[in-house]
Amino acid sequence: MKAFRIFTAGLAGLVLAASAHAAGDAKHPHAPEDGWPFEGVTGQFDQASLQRGYQVYKEVCSSCHSMKLMSYRNLGEPGGPFYDPEYPNPNDNPYVKALAAQNEILSPTPNDIGEFDYRPATPADTFRSPYPNVNAARAANNGAAPPDLSVITKARHGGASYIYSLLSGYPDQDAFVEREVDGETVSYIDMSKLGGHGEEHAEGLLKVNPGQYYNPYMAGDTTPNYLGDPRHAPPGGFLAMPPQLIEGRVEFTDGTPATVEQMAHDVAQFLAWAGEPKQTKRKSLGLAVMVYLGILTILLWFSYKRIWRNVEH
């Protein structure tokens, strides 16, 4: 009887865990149609895409999100967006200096009268943070502190594909409907207009609370906001960040059309590089090491055969 009770309790725990997992279900992030150029054994980052991605971060993301683990000189290191072989020391790269100088940071030392002044950043400085501390970030964003993006692709399942899917996965405006409820205008999303999973629902309306934004790639639970069968609630969840990428919001310096997908692709690749800026060097070294180990293995095998040729095994 005791064993049966333990088995029943364990089974109940599995059921609860499965239901909790289902509640937090989100659509699986997907890579761009052509995949990521940096994947695979010999994959490398696309430098032009990294440059556009930094532009998207600088003009769109940096107003809310910090990158505390990145310094401006990292942009000019080998494999970085603005690497120039003529300047092996990224601190000497004039373009990196110009990019850093576009940002003003608080000087760590006081001036002659004991006050702290703002000064242009140098390549040795870390990326400028939009807020002085986490409390200020929460106060400016209705209690939700924007996460630091330094290693965001390492901290989220799916990596760059998650960033790409999330930024390009917000519903279009034509999927929204408004209704009067108790004298107030309430916004809903007609899931049937999203296609795919949404076509399976009967009513297909998802309530969007003020200050929240639905995204099918965001982990969460849409059951309380869904007006249909709770067993078939749409995937995804709500987040405090509204859609940031609007077509044409950034004017790329190389003339590339700034579509939502293109901007999401470039900034996702830039953040993937920021999470592993030494990937190019690591892969080059790793390939050379594998070739060396392969040759060494062959030599050791022939040596073994030569040394033990007259010995019975």
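## Salt bridges

A salt bridge here is a side-chain nitrogen of Lys or Arg within 4 Å of a carboxyl oxygen of Asp or Glu. Glu 276 and Arg 282 make such a pair, with their closest N and O atoms 2.7 Å apart. Arg 282 is partly exposed at 44% relative accessibility (buried means under 20% relative accessible area, exposed over 50%, and partly exposed in between, with a 1.4 Å probe and protein chains only).

Before going on, a word about the model: it is predicted, so local features need pLDDT of at least 70 and side-chain atom pairs count only at pLDDT 80 or more, while totals for chains, interfaces and linings use all residues. Residues are numbered from 1 along each chain as its sequence is written, and side-chain values use heavy atoms, leaving out hydrogens and water.

## Links across the chain

The whole structure holds seven salt bridges. One of them joins Asp 254 to Arg 52, where the closest N and O atoms are 2.9 Å apart. Asp 254 sits in the loop between strand S7 (237-239) and helix H7 (260-275), and Arg 52 in helix H2 (residues 47-59), so the pair ties together parts that are 202 residues apart in sequence. Helices (H or I, at least four residues) and strands (E, at least two) are DSSP runs, numbered from the N terminus. Arg 52 is buried, with a relative accessible area of 10%, whereas Asp 254 is partly exposed at 42%. Together with Asp 266, these two residues are linked in a network of salt bridges.

Lys 278 forms a salt bridge with Glu 77, and here the closest N and O atoms are 3.5 Å apart. This pair also links distant parts of the chain, 201 residues apart: Lys 278 is in the loop between H7 and helix H8 (279-307), and Glu 77 in the loop between H2 and helix H3 (94-101). Glu 77 counts as buried, at 16% relative accessibility.

## Strands side by side

Now let us turn to the strands. S3 (residues 176-181) and S4 (residues 184-190) pair in the antiparallel sense over six bridges; two strands pair if DSSP finds at least two bridges between them. Phe 176 has Ile 189 in S4 as its bridge partner. S3 and S4 form a hairpin with two residues between them, and Asp 182 in the turn has a positive phi of about 55°.

On to the next neighbour: S4 and strand S5 (residues 205-208) run antiparallel and are joined by four bridges. Tyr 188 has Lys 207 in S5 as its bridge partner.
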